[in-house]
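My notes follow in the order in which I looked things up.

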Amino acid sequence: MQTLRFHCHQCEREEEHCECERYCALCFGADNVRLCEDGMYYCLNCREACDYAAQE
Ligand SMILES: [Zn+2]
Ligand SMILES: [Zn+2]
């Protein structure tokens, strides 16, 4: 099974190489923020609310 690699919307790097300031695109929280498929960072609550999946 292919692993999805998400790229940061701002710097176009993968999450582990991204040095952008990370905060949730919806609520601007910084708690447990992960990169999602649209290239934006979302916190756990917003990911669950919007059904976004973080990279494995
Ligand atoms: Zn970035
Ligand atoms: Zn959020």
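Where is the place of Phe28 relative to strand E1 (34-35)? I find Phe28 in the segment before strand E1. I note at once that this is a predicted model.

I checked the backbone of Phe28. Its phi is positive, about 65°, although Phe28 is not a glycine. I keep in mind that most residues other than glycine have a negative phi. I then looked up the accessibility of Phe28. Its relative accessible area is 58%. Exposed means over 50%, so Phe28 counts as exposed.

Asn32 came next. Asn32 also belongs to the segment before E1. Its phi is near 55°, again a positive value in a residue other than glycine. How exposed is Asn32? I read a relative accessible area of 45% for Asn32, which makes it partly exposed.

**Entry: the chain as a whole**

I counted secondary structure. The chain has 1 helix and 2 strands. From the N terminus on, I read the order β-β-α.

I then looked at overall dimensions. The C-alpha atoms fill a box of roughly 25 × 25 × 15 Å along the principal axes. Does the radius of gyration agree or disagree with that of a compact globule? For 56 residues, such a globule would have a value near 10 Å. The chain has 11 Å, so I record agreement.

Surface and burial followed. I find 27% of the 56 residues buried. The chain exposes about 4200 Å². Carbon and sulfur atoms supply 45% of that area. For contacts, I took pairs of residues at least 6 apart in sequence. Of these contacts, 23% join residues at least 24 apart.

**Entry: zinc ion (ligand 1)**

Which residues coordinate the zinc ion (ligand 1)? I list Cys8, Cys11, Cys18 and Cys20, each through SG. The distances run from 2.2 to 2.4 Å. The angles among the 4 donor atoms are 104 to 118°, and the site is tetrahedral. Along the chain, I read the donor spacing as C-x2-C-x6-C-x1-C.

Cys11 has a relative accessible area of 29% and is partly exposed. Cys18 has 6%. Buried means under 20%, so Cys18 counts as buried.

I also made a note on His17. His17 lies in the segment before E1. At 47% relative accessibility, His17 is partly exposed. How far apart are His17 and His7? I read 10 residues in sequence and 9.5 Å in space, C-alpha to C-alpha.

**Entry: zinc ion (ligand 2)**

I turned to the zinc ion (ligand 2). Its donors are the SG atoms of Cys24, Cys27, Cys43 and Cys46, at 2.2 to 2.4 Å. This site is tetrahedral, with angles of 104 to 118° among the 4 donor atoms. The donor residues are spaced C-x2-C-x15-C-x2-C in sequence. Cys24 and Cys43 link distant parts of the chain, 19 residues apart. I place Cys24 in the segment before E1, and Cys43 in the loop between strand E2 (41-42) and H1. Both Cys24 and Cys43 are buried.

I stayed with Cys24. Its relative accessibility is 0%, so I log it as buried. Which residues does Cys24 touch, not counting those up to four places away in sequence? I list Gly29, Val33, Tyr41, Tyr42, Cys43 and Cys46.

**Entry: Gln55**

My last stop was Gln55. Gln55 sits in the segment after helix H1 (44-50). Is Gln55 buried or exposed? At 7% relative accessibility, Gln55 is buried.

I looked for partners of its side chain. The side chain of Gln55 reaches the backbone nitrogen of Phe6 at 2.6 Å. I then listed what Gln55 touches, leaving out residues up to four places away in sequence. The contacts are Leu4, Arg5, Phe6, Glu15, Glu16, Arg34 and Leu35.

Definitions and conventions
Residues are numbered from 1 along each chain as its sequence is written. Chains are lettered from A and ligands numbered from 1 in the order in which they are written. This is a predicted model: local features need pLDDT of at least 70, side-chain atom pairs count only at pLDDT 80 or more; totals for chains, interfaces and linings use all residues. Side-chain values use heavy atoms; hydrogens and water are left out. Helices (H or I, at least four residues) and strands (E, at least two) are DSSP runs, numbered from the N terminus. Buried means under 20% relative accessible area, exposed over 50%, partly exposed in between (1.4 Å probe, protein chains only). A polar contact is a pair of N or O atoms within 3.5 Å; within protein, one must be able to donate a hydrogen and the other to accept it, and residues adjacent in sequence count only if both atoms are side-chain atoms. Contact means heavy atoms within 4.5 Å. Donors are N, O and S atoms within 2.8 Å of the metal (3.2 Å for Na, K and Ca); water is not among the atoms, so sites may look incomplete. Four donors count as tetrahedral if all angles lie between 85 and 135 degrees; four count as square planar and six as octahedral if opposite donors are over 155 degrees apart and all others between 65 and 115; anything else is irregular. The radius of gyration is taken over C-alpha atoms; the globule rule is 2.2 Å times the number of residues to the power 0.38. Accessible areas come from the Shrake-Rupley method with a 1.4 Å probe; for residues, only the protein chains shown count as cover.
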